[in-house]
Amino acid sequence: MFDDATIVAIATANGIGSISIVRISGPKAHEIASKISQKNAFQPRLATLSYLYDTNKNLIDEALVLYFKAPFSFTGEDVIEFQCHGGFAIANMIVDEVLKQGARLANPGEFSKRAFFNNKIDLTKAEAIAKIIEARSEDAVKLLARQLKGELTTFVNDIREDLLFMLAYTEVSIDYAEDDLPSDIFEQIKSKMEKIIVKLTNTLDASKRREGMIEGFKVAIIGKPNVGKSSLLNKLLNYDRAIISDIAGTTRDTIEESVKIGTHIIKIVDTAGIRNASDVIEKIGIEKSIQAINEADIVIALFDNSKICDDEDKKIIELIDENSHKEIIKVLNKSDLENYFDKSNIKDFIELSTKEDISPLIKKVENILDSNTHSDEMTLISKRQISSVENTLYNIDLSKTPLNSGELEFFAHYISEALEHISAITRPYENDQMLDVMFGEFCLGK
Ligand SMILES: Nc1nc2c(c(=O)[nH]1)N(C=O)[C@@H](CNc1ccc(C(=O)N[C@@H](CCC(=O)O)C(=O)O)cc1)CN2
Ligand SMILES: Nc1nc2c(ncn2[C@@H]2O[C@H](COP(=O)(O)OP(=O)(O)OP(=O)(O)O)[C@@H](O)[C@H]2O)c(=O)[nH]1
Ligand SMILES: [Mg+2]
């Protein structure tokens, strides 16, 4: 898992700033700090103003030294922090000195990994920390902060308790005569089970709807060639990102850009026009559009209000009808020109022109994003968490048949599988490799 080496890393961002922090964790932390600061001892949890020296007794900096004595630290080990002056040089010079005194450089995520193995944080908290550092929107931070506070841990523990109850009573009824048990025990088990299923299903649905909150929701713009997709992208971005022209087929590949709408960061995807093409490159374009629909949280389907609704438009309408479970906004563009589009072909559309005000469209997108994000429901924040819940549900589902037919050993088997999957959200005991991958994705110094 990990050695007992003393590790060091710069915890702050690399660049000019007023202060940087060098963090050391491990058994030698205090001894190394004493050497570099030429002080005998530091009081736990106190900040001590100190000069720091290199091995040749040259002064490096005046810094605050913080000491956290094991086990009362972030990692659970002895921790020293040097809070020194910022910039590119000083923190690196301090790290060099710490290395000379016998520490080694920390791997990415190693501080958090040690915190995990020393039971200071569970995996939900570790994941929340990793994601909160990379979060770009306020929505994401709010959601992650709830997980940092332990919301998912409590959720998992409640479900674990119910599953354990089910398991315990089943084991007892396998071993003892039924009349020693409360007579309604199987009714109790069934009702607990139904409640768990509802809880897990709701959480899964809500989490999938909000998957985009952390990395940014995806909004795809689709439509046949020349309807103004790239013009809309440029208008949303407020600058000329994509080439636009009156030649159909101008955009040949998908273009992806981030933009802020309300409090949300979204990724806008401009696609090549969808048409019944023989051209190989355009065919690829169509496939990419279909892929863009699949990957998008919101689809903006554009039509040209100045033209009649032709077969190519009908192909788009077909495509969006097939995807009616998605949030789809239909827009009749070029409404500044004379209208020829037969509106009986589509329902609930917005008429606008990318040459004029597009705020009704932006408002509509913002409303959808708001309704996807504003909720008190608990949210899973990673694919790992989502698949653990899916596997839990799957096993609970499988346990129903043996419960009803009284095959209690089988029932117990599926419930213990479910228990293992739900527990893996906070503490996967058996999968070191997965942990290595996960912590390896953390940024350096975390
Ligand atoms: N300077 C500094 N700021 C920081 C951190 C840090 O490590 N250093 N953090 C790092 O992520 C975050 C704060 N999280 C922390 C969580 C636990 C402990 C800690 O020492 N816990 C001990 C002692 C608690 C106490 O004395 O009250 C413990 O839990 O036993 C420190 C920071 C954000 N800000
Ligand atoms: N009058 C008018 N012209 C528009 C409007 N929106 C776009 N256009 C024009 O329509 C033409 C096509 O616009 P693009 O944005 O390149 O269309 P596109 O859908 O990206 O086209 P492809 O990339 O070929 O699929 C350009 O000449 C635009 O200036 C509009 O609202 N009104
Ligand atoms: Mg285009």
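Predicted model: local features only at pLDDT ≥ 70, side-chain atom pairs only at ≥ 80, totals over all residues.
Reader: Got it. And how many bridges join strand 7 to strand 9?
Author: Five bridges link them, and the two strands run parallel. Strand 7 covers residues 217-222.

Reader: What about strand 8, does it run parallel or antiparallel to strand 9?
Author: Antiparallel, with seven bridges between strand 8 (residues 255-261) and strand 9. For one of the pairs, look at glutamate 257, whose bridge partner in strand 9 is isoleucine 268.

Reader: How many residues sit between strand 8 and strand 9?
Author: Two, and the strands form a hairpin. In the turn you'll find glycine 262, which has a positive phi of about 60°.

Reader: Is strand 9 mostly covered or mostly open?
Author: Mostly covered: strand 9 spans residues 264-270, and six of its seven residues are buried.

Reader: Zooming out, what's the strand order in the sheet?
Author: The order is 8-9-7-10-11-12, in an open sheet of six strands with mixed pairing. Strand 8 and strand 12 (349-351) are the edge strands, each pairing on one side only. On average, neighbouring strands here are turned by 25° against each other, direction ignored.

Reader: How does strand 12 pair with strand 11?
Author: In the parallel sense, over three bridges, with strand 11 being residues 327-333. One of the pairs there is valine 331 with isoleucine 350 of strand 12.

Reader: Which helix packs on the sheet?
Author: Helix 11 (residues 311-322) does, and it touches strand 7, strand 10 (298-304) and strand 11. The direction of helix 11 makes about 160° with that of strand 10.

Reader: Switching topic. Which residues does UniProt list for "binding site"?
Author: The UniProt entry, which is unreviewed, lists Ser230 and Thr251. They are spread over 22 residues of sequence but cluster in space, with a largest C-alpha distance of 7.5 Å.

Reader: Where's serine 230, and is it buried or exposed?
Author: Serine 230 is in helix 9 (residues 229-237). It counts as buried because 24 other C-beta atoms lie within 10 Å, and the cut-off for buried is 20 or more.

Reader: And threonine 251, where is that, and why does it count as buried?
Author: Threonine 251 is in the loop between helix 9 and strand 8. It counts as buried because it has 21 C-beta neighbours inside 10 Å.

Reader: What does each one touch?
Author: Leaving out residues up to four places away in sequence, the contacts of serine 230 include Ile243, Ile244, Thr250 and Thr251. Counted that way, threonine 251 touches Lys229, Ser230, Ala242, Asp270 and Ala272. Ala242 and Asp270 are among the contacts of serine 230 too.

Reader: Last topic, helices! What's the angle between helix 6 and helix 7?
Author: About 155°, with the axes 10 Å apart; helix 6 is residues 151-175 and helix 7 is residues 185-209. That angle makes helix 6 roughly antiparallel to helix 7, because angles over 145 degrees count that way.

Reader: Is the crossing left-handed or right-handed? And which residues make the contact?
Author: Helix 6 passes helix 7 in a left-handed crossing. From helix 6, the contact uses Ile159, Asp162, Phe165, Met166 and Tyr169. Helix 7 brings Ile185, Ile189, Lys192, Met193 and Ile196.

Notes
Residues numbered from 1 in each chain as written. Chains lettered and ligands numbered in written order. Buried ≥ 20, exposed ≤ 12 C-beta atoms within 10 Å, placed from the backbone. Helix = DSSP H or I, 4+ residues; strand = E, 2+ residues; numbered from the N terminus. Pairing = 2+ DSSP bridges. UniProt positions renumbered as here; feature names shortened; annotations may be inferred. Contact = placed C-beta atoms within 7 Å. Axes fitted to C-alpha atoms, helices over the stretch in contact; angles between N-to-C directions. Parallel < 35°, antiparallel > 145°, perpendicular 65-115°, else oblique. Left-handed = near helix turned anticlockwise from the far one by under 90°.
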